[in-house]
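Here are my notes on this one, as you asked. Have a look at the model first, then read on.

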Amino acid sequence: MTDALVLSAVAKSYGATLAADGLDLRVGTGEVVAVIGPSGCGKSTLLRLIAGLERPDAGSITVAGQVVADASTFTHPERRRVGLVFQDHALFPHLTVARNVGFGLRGRARGERRARVAELLERVHLTQRAGRHPHQLSGGEQQRVALARALAPDPALVLFDEPFSSLDEHLRGRVRGEIMGTVRASGATAIVVTHDQDEALSIADRVVVMRAGRIEQVGSPQEVFEAPANRFVATFMGDADFLPVTVRDGVASCELGELPTPAGAPASQDVVLRPHEVTVSPGGPAEVVGVEYHGAFTLATVQLASGARVRSWLPPHTAHRVGERVSAGLAPGARPVLLDAATGD
């Protein structure tokens, strides 16, 4: 099956700023890919290059088997079979819901257009809102209209630019589930730009982590969280602390205890510790130096005898107090990842 998207050595600069630095990426048909990274990392530029809103300085972009940008080719956005869903929805305020959805179907027979609009409104559960205008809808309903409009021309690829960040926190999870459920049910291929790590991990088949115009790692949500390529990915994709590792007689250990040692592990290593991999018990050489209540759990920060700090998720009823002496260890069954200390971040 043809890939929905192929980027090959794509580069884009704005003056002295290299926003896309030799990007290579393949997205399979029907795949949902999340692109995440800090502000200014190039993720929005990547989206604009794919959509045709920017022209690459080098490299090539292929959508559904058709080259849409290279040294001699540039296909304009309206001819790329790419749908766009923006953060602010970008709906036409003077058009009804039905006419917004049908906007991209201009040129088709009236009956065909009407049938397609009805099909999409049913899919996003907005049939009863067809005659309303955007200002008469909730934020979640507006987002669903934007999705229906993007899907209407049957694009090869749908691009989402921070689609849920404008929604209230209590609404975001529900709308996200509805929207991504519709995307998957339609069989659409989607690329979602987000700054929310939990969102990227929960919605995507694969996650692309970017920094300074480069792709640091591409992998399943489990891979980028449990086996980060470097310190940057480890810290960006969740809470992470690091301790030096020593290896003696084939046994690796850190200040919290012995570790599983993979074959061929580098001699100089650091262990990446997530809060769920660290336990805390009363009495010992460490000290609790911070406690944060998060409702379902408490995040405790512990300073070890060496001065290094690690964090641990604890049930609220077992929370420790700041200043309390404790022991920290590895959670049973934990297999924290080891990184080559020489690679830095």
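1. Strands β1 (residues 5–14) and β4 (residues 58–63) run antiparallel and are joined by five bridges. Strands here are DSSP runs of E with at least two residues, helices are runs of H or I with at least four, and both are numbered from the N terminus. Within this pair, Ser8 stands opposite Ser60 in β4.

2. That pair sits in an open sheet of four strands, ordered β2-β1-β4-β5 with antiparallel pairing. Pairing takes at least two DSSP bridges between two strands. At the edges you'll find β2 (17–27) and β5 (66–69), each pairing on one side only. On average, neighbouring strands of this sheet are turned by 30 degrees against each other, direction ignored; the axes are lines fitted to C-alpha atoms (for helices, over the stretch in contact), with angles from 0 to 180 degrees between N-to-C directions.

3. Before going further, a word on what you're looking at: this is a predicted model, where local features need pLDDT of at least 70 and side-chain atom pairs count only at pLDDT 80 or more, while totals for chains, interfaces and linings use all residues. Residues are numbered from 1 along each chain as its sequence is written, and side-chain values use heavy atoms, leaving out hydrogens and water.

4. How confident is the predictor? The protein averages a pLDDT of 91 (the predictor's confidence in each residue, from 0 to 100), and 97% of the residues score at least 70.

5. Three bridges join β14 (residues 269–273) to β19, and Gln269 has Asp340 in β19 as its bridge partner.

6. Now the largest pocket, with about 560 Å³ of space. A pocket is an open set of points on a 1 Å grid over the protein atoms alone, where a 1.4 Å probe fits, with protein on both sides within 12 Å along at least five of seven lines; lining residues have an atom within 4 Å of a point. Points are joined across faces, edges and corners, and the volume is the space filled by probe spheres set on them. Of the 18 lining residues, Val82, Gly83, Leu84, Gly104 and Pro153 lie nearest the centre. β6 (82–85) and α4 (139–151) each supply at least two lining residues, with β6 giving the largest share, three.
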